[in-house]
Amino acid sequence: MASQSQNWVHMVTAQTPTNIAVIKYWGKRDETLILPVNDSISVTLDPNHLCTTTTVAVSPGFQQDRMWLNGKEISLSGGRFQNCLREIRARACDVEDKKKGITITKEDWGKLHVHIASYNNFPTAAGLASSAAGFACLAYALGKLMNVKEDESQLSAIARQGSGSACRSLFGGFVKWTMGKEDNGSDSRAVQLADEKHWDDLVILIAVVSSRQKETSSTSGMRESIETSLLLQHRAKEIVPKRILQMEEAIRNRDYASFSQLTCADSNQFHAVCLDTRPPIFYMNDTSHRIISIVEKWNHSEEAPQVAYTFDAGPNAVLIARNRKAATLLIQRLLYYFPPNSDDLNSYIIGDKSIAKDAGINGIQDVEALPPPPEIKDKIPSQKYKGDVNYFICTRPGRGPVLLSDSSQALLNDENGLPKPSLLWDHTIHIMLSPCASMAKPKLHLLTFLFFYSILLSLFHCTFSLINPEDETSWIAMESEDINMVQTRRDSWKKCDFSVGKWVFDQSYPLYDFNCPYLSTAVTCQKNGRPDSDYEKWKWKPNGCSIPRFDALGFLGKMRGKRIMLVGDSIMRNQWESLVCLVQGVIPTDRKRVTYNGPSMAFHAMDFETSIEFFWAPLLVELKKGSGNKRILHLDLIEENARYWKGVDILVFDSAHWWTHSGQTRSWDYYMEGNSIITNMNPMVAYQKGLSTWARWVDLNLDPRRTRVIFRSMSPRHNSQNGWKCYKQRQPLQFFSHLHVPEPLVVLEGVLKRMRFPVYLQDITTMTAFRRDGHPSVYSRAMSEEMQKAGTGLSPDCSHWCLPGVPDSWNEMLSALL
């Protein structure tokens, strides 16, 4: 990085519209890559009325990636944000700003952090595609910041991984998102069918029925529909492909009758799919249904349809009028049925106010004087629903994303890369000076500025109503709610990193005693003569949140009718015994049993139809006997083990310790990959190959809708070879002079990042490294006092864990994850 100063900030500001689908996308064939089960078509809305503005900045002075949404800092730990940032960084090119003397090479981008400030000028998570505009703007702005060479269609494939419909917001006018056929999603991207000028007769009115966050997110709703709705399968395979072709033709020919019929029919079918889901999903409300009825009655009274309606995953109605005349008649009808609660018409109709003026609506008196629509039978005045609509937005088809060159429109300070004071502390000023209101701003002298500012003040209520001040939900968090994150009960959007925290002494522990009949002798340290018991009473407390105390009945309730299998080595057997002991106490003796099947054993809670299973596979891949009785570790074979994993609801894997064995402790004589025999290989290279074989099997054979996969990181050993000791240790370590990340963990993280299947990494390595006091040490077998005093011939076990003890905390974490 070349610069006269290392305090420079390089910054870009972009503005991106939202879109409304007229042929809906609902359901994913791949949740991680966000690949849809059908094509979709949308209309991009005018960003002067509905848009996201995002400023992204980079500087060598930034210590971490940070983001502010609508003036508040939010977490960027969500997997979808990380995917977007990683994909853009991988495509970054050299950047040079000669004026500032800044040069950033392609290699530099991996070392630099970014700051991001963004806001929507419309409600988040209310069914107005806030996530589409948000992620599209993020991908577009980052692409421009890092000088990415991909075009908008290629960039749309990256935006899609944040929010599916975001790919359509990278174009203006009419846009098609092609579902694609490739497993890696490379051909699932957006293309423009026609620009916004192609059909500029259309006028769009949005009735904001509710700006509250919807009860069922799109992510959860799609998953439930995919799992339970037969109508969705029929729709995706039989109905949508035909509608896509018909809609493309209607747009190409500006055939409004066909466009209207297809738009309404597809919206109705989408919500029928939601009702066909178990349990049913209700996105529309009574006001939504009334709007449909008003439009249908009017259309049927005319020779040709005047208005098309469509509803996304929310109650807000998007109404597309065939022309400006139809739009004026529509606003008259809407105001007749849904008059404002107050006399402030200025904040009730926003966006393109000229539509209302053309309809003869200049004040509240004009609303009160509106006659009943002519299609009302016998001219009997119908019921009015005052206050049922929050406000109306008048808009039109609009352009795609653009860069904002005026530095005054940036949301971050160009000197330090932090939000401008107005963004952080004064939402009023921030929203009033919204860059969505204008593309080009001339430089104004003071008097002109004051005049302009006074106009903005007069329009304050109008613009401010676009954002609900109580709606602080991030489109980042909203769309990432199910992606490898844990949510605390105290704050459903706060993500808890369970791996960072401290051990807290708690006299109420342990949750069972060493007489649990399912414990192996080697881990019943109290029975074996260990004189102290404080190691049983430490509870792990993550920073900023807490892990709930293990609730045996609650856990069994969640697992009712399910199989959970722990797969791995003897440390995983350690954890299995802990989990069984945690639950078995609430089950009557005659309603529980253990069965054995080859390399697996299972604890059955019969009244819950639940099995907690352990499968012995310390290397995951296959270890076989070859010629000359030689032991062969097949790095690319796994099926003999993996066939036992199919049909399991929750799989928890662990594999690390055996890969680090050497010399006489090593379990194999040589490796085999394909037909090649390998006598010497770096253990971590072999580990990476073996894990990759496991990863491929998971990606190809498991369905994330039916199986949850967790990979537990390695449990540290505290033996003398590692510079530790566990003999006679009575307290956890209080701190580390330096934090060492084991090489197997680095390899594991690398493999998991390349997987399509969403695997949760349960990172217990650091938390467990503090617990040198929790091992059996010499108490892995019964010892008399004389043996203890003699202290000869003792071989301390500093790998496994006494029970009750440390693995109980792993299982409390596991229960919270589930």
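With a torsion of -90° about the S-S bond, the link between cysteine 516 and cysteine 581 is left-handed. The two sulfur atoms of this disulfide are 2.0 Å apart; a disulfide here is a pair of cysteine sulfur atoms within 2.5 Å. Cysteine 516 sits in the loop between strand 20 (501-505) and strand 21 (538-542), and cysteine 581 sits in helix 17 (residues 570-584), so the bond ties together parts that are 65 residues apart in sequence. Cysteine 516 and cysteine 581 are both buried, where buried means under 20% relative accessible area, exposed means over 50%, and partly exposed lies in between (1.4 Å probe, protein chains only).

The model is a predicted one, in which local features need pLDDT of at least 70, side-chain atom pairs count only at pLDDT 80 or more, and totals for chains, interfaces and linings use all residues. Residues are numbered from 1 along each chain as its sequence is written, and side-chain values use heavy atoms, with hydrogens and water left out.

A search of the whole structure finds three disulfides. Another one joins cysteine 525 and cysteine 802, with 2.0 Å between the sulfur atoms. Cysteine 525 belongs to the loop between strand 20 and strand 21, and cysteine 802 to the loop between helix 22 (785-790) and helix 23 (806-817), so this pair connects parts that are 277 residues apart in sequence. The link of cysteine 525 and cysteine 802 is left-handed, with -95° about the S-S bond. Cysteine 525 has a relative accessible area of 0% and is buried; cysteine 802 is also buried, at 0%.

Cysteine 726 and cysteine 798 form a disulfide as well, with their sulfur atoms 2.0 Å apart. Cysteine 726 lies in the loop between strand 31 (708-712) and helix 20 (743-753), while cysteine 798 lies in the loop between helix 22 and helix 23, so the bond ties together parts that are 72 residues apart in sequence. The torsion about the S-S bond of cysteine 726 and cysteine 798 is about -80°, so this disulfide is left-handed.

Cysteine 137 counts as buried, at 0% relative accessibility.

The chain as a whole has 23 helices and 32 strands; helices (H or I, at least four residues) and strands (E, at least two) are DSSP runs, numbered from the N terminus. Of the 818 residues in the chain, 56% are buried. Among contacts (heavy atoms within 4.5 Å) with a separation of 6 or more, 78% are between residues 24 or more positions apart.

Strand 22 (residues 563-568) is mostly covered, with five of its six residues buried. Strand 22 runs parallel to strand 25 (residues 610-616), and six bridges join the two; strands pair if DSSP finds at least two bridges between them. Valine 567 stands opposite phenylalanine 615 in strand 25. Strand 22 is also joined to strand 28 (residues 650-653), by four bridges, and these two run parallel. There, methionine 565 has leucine 651 of strand 28 as its bridge partner.

Helix 6 (residues 256-276) has 21 residues and spans 30 Å from its first C-alpha to its last, close to the 30 Å expected at 1.5 Å a residue; the expected span is 1.5 Å times one less than the number of residues.
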